[in-house]
Amino acid sequence: MLKETFTELLTKHSATPEIIGKLWTEIEEQYSGKKKYYHNLSHLRHILHEITVVKSEIKNWDAALFALYYHDIIYNAVKSDNEEQSAELAGKRLQQLGISDTIIQKCKAQILATKRHLESGDSDTDYFTDADLAVLGQDWETYSSYCANVRKEYSFYPDMVYNAGRRKVLKHFLEMDKIFKTKHFQEKFETQAKLNIFKELRFL
C-alpha cells in the first residue's frame, strides 16, 4: 500500500517510472536501516492508515502524503536535528519533481511540526502530527511493543540516561492541555494515550 500510494502520488505530478523507482528505493532504504526498530516502514503504514481515515478533512492531501514519506527519512538517534534534515531533503526532492511551492512549504511545515507536536493553527498539520502520535493511544500490548522498539533505537544509552530522557519526553506530552489537537484523534486516542503514558512512567 505504501509503494502504491507513493507511485500514484508521483504519477499525478507527472513523474516518470524511472524517477518514481529511484525515489521509492531511497525511501525504502532509509526506513529499512538495521537500527530502525520503530521509525521504519511499519510506522509509515500506521500513519497512512490513520490519515486516510480523515482524508476528507485534509485540505492539501498531497502535502500530507509527501510529509508522511519524508518526515523521518533522516533519523539518527544521536542527532537533534532529524526533523530539520528531513524537511530539507523533502524540499530538495519535491523541487526536483517540480512540485508547487505551496505544497513544498506545507510539507516541510508538517515535518518540522513533528519535533514537538504542538498545536500549529493549521488543521492539516494538526491532523498529521496527531496521526504521527496515534501509537500512544493503542492498546497496552501495541504500546509496549512501541516502547521496546524505541528503546532499541537508543540502545547505546544506559538505562539511567535513557530513562531520564524518556521521562522528559512523556512529561512533555502530559503537560499539554491535550495530546491530540483534533477532535477526531482526541475522541479516539486521548484517554488511552494518557493511561499508557502514566503506566510507562511507573516502569522508568
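Me: Where is alanine 113 found?

Reply: Helices here are DSSP runs of H or I with at least four residues, strands are E runs of at least two, and both are numbered from the N terminus. By that scheme, alanine 113 is found in helix H6. This is a predicted model, in which local features need pLDDT of at least 70, side-chain atom pairs count only at pLDDT 80 or more, and totals for chains, interfaces and linings use all residues. Residues are numbered from 1 along each chain as its sequence is written, and side-chain values use heavy atoms, leaving out hydrogens and water.

Me: Does alanine 113 count as buried or exposed?

Reply: Look at relative accessible area: under 20% is buried, over 50% is exposed, and in between is partly exposed (1.4 Å probe, protein chains only). Alanine 113 has 15% relative accessibility, so it counts as buried.

Me: Which residues are in contact with alanine 113, leaving aside its neighbours within four places in sequence?

Reply: Contact means heavy atoms within 4.5 Å. With those neighbours left aside, alanine 113 is in contact with Leu118, Thr125 and Thr129.

Me: What about the loop between H6 and H7: is histidine 117 buried or exposed, and is glutamate 119 buried or exposed?

Reply: Both sit in that loop, histidine 117 and glutamate 119. Histidine 117 is buried, at a relative accessible area of 8%, whereas glutamate 119 is exposed at 63%. Beyond four places in sequence, glutamate 119 touches Asp126 and Lys181. Between the C-alpha atoms of glutamate 119 and threonine 16 there are 37 Å, with 103 residues of separation in sequence.

Me: Why is helix H4 described as largely enclosed by the rest of the structure?

Reply: Because ten of the ten residues of H4, which spans residues 61–70, are buried. They include Trp61, Asp62, Leu65, Phe66, Tyr69 and Tyr70. Among the elements that cover these buried residues are helix H1 (2–12), helix H2 (17–30), helix H3 (41–53), H5, helix H6 (101–113) and helix H7 (123–132).

Me: Which residues touch the most other members of the largest nonpolar core?

Reply: A nonpolar core is a set of buried Ala, Val, Leu, Ile, Met, Phe, Trp, Tyr and Cys residues joined through side-chain atoms within 4.5 Å. The largest one has 63 residues, and those touching the most other members are Phe6, Leu10, Phe66, Tyr69, Tyr70 and Leu136. H4 gives the most to this core, nine residues. Take tyrosine 69: leaving aside neighbours within four places, its contacts are Met1, Leu2, Thr5, Phe6, Trp24, Ile27, Tyr31 and Leu44.

Me: What volume does the largest pocket have?

Reply: On a 1 Å grid over the protein atoms alone, a pocket is an open set of points where a 1.4 Å probe fits, with protein on both sides within 12 Å along at least five of seven lines; lining residues have an atom within 4 Å of a point. Points join across faces, edges and corners, and the volume is the space filled by probe spheres set on them. Here the largest pocket comes to about 1,100 Å³. It has 33 lining residues, of which Tyr75, Glu83, Lys115, Tyr154 and Val169 are the closest to its centre. Helices H5 (82–96), H8 (140–153) and H9 (159–174) each give two or more residues to the lining, with the largest share, eight residues, coming from H9.

Me: How many of the lining residues are nonpolar, polar and charged?

Reply: Ala, Val, Leu, Ile, Met, Phe, Trp, Tyr, Cys and Pro count as nonpolar, Asp, Glu, Lys and Arg as charged, and the others, Gly among them, as polar. The lining divides into 15 nonpolar, nine polar and nine charged residues.

Me: Which side chain does tyrosine 154 join through a polar contact?

Reply: A polar contact pairs N or O atoms within 3.5 Å; within protein, one must be able to donate a hydrogen and the other to accept it, and residues adjacent in sequence count only if both atoms are side-chain atoms. The side chain of tyrosine 154 makes such a contact, 2.8 Å, with that of tyrosine 75. Tyrosine 154 lies in the loop between H8 and H9, and its contacts beyond four places in sequence are Tyr75, Ala77 and Tyr162.
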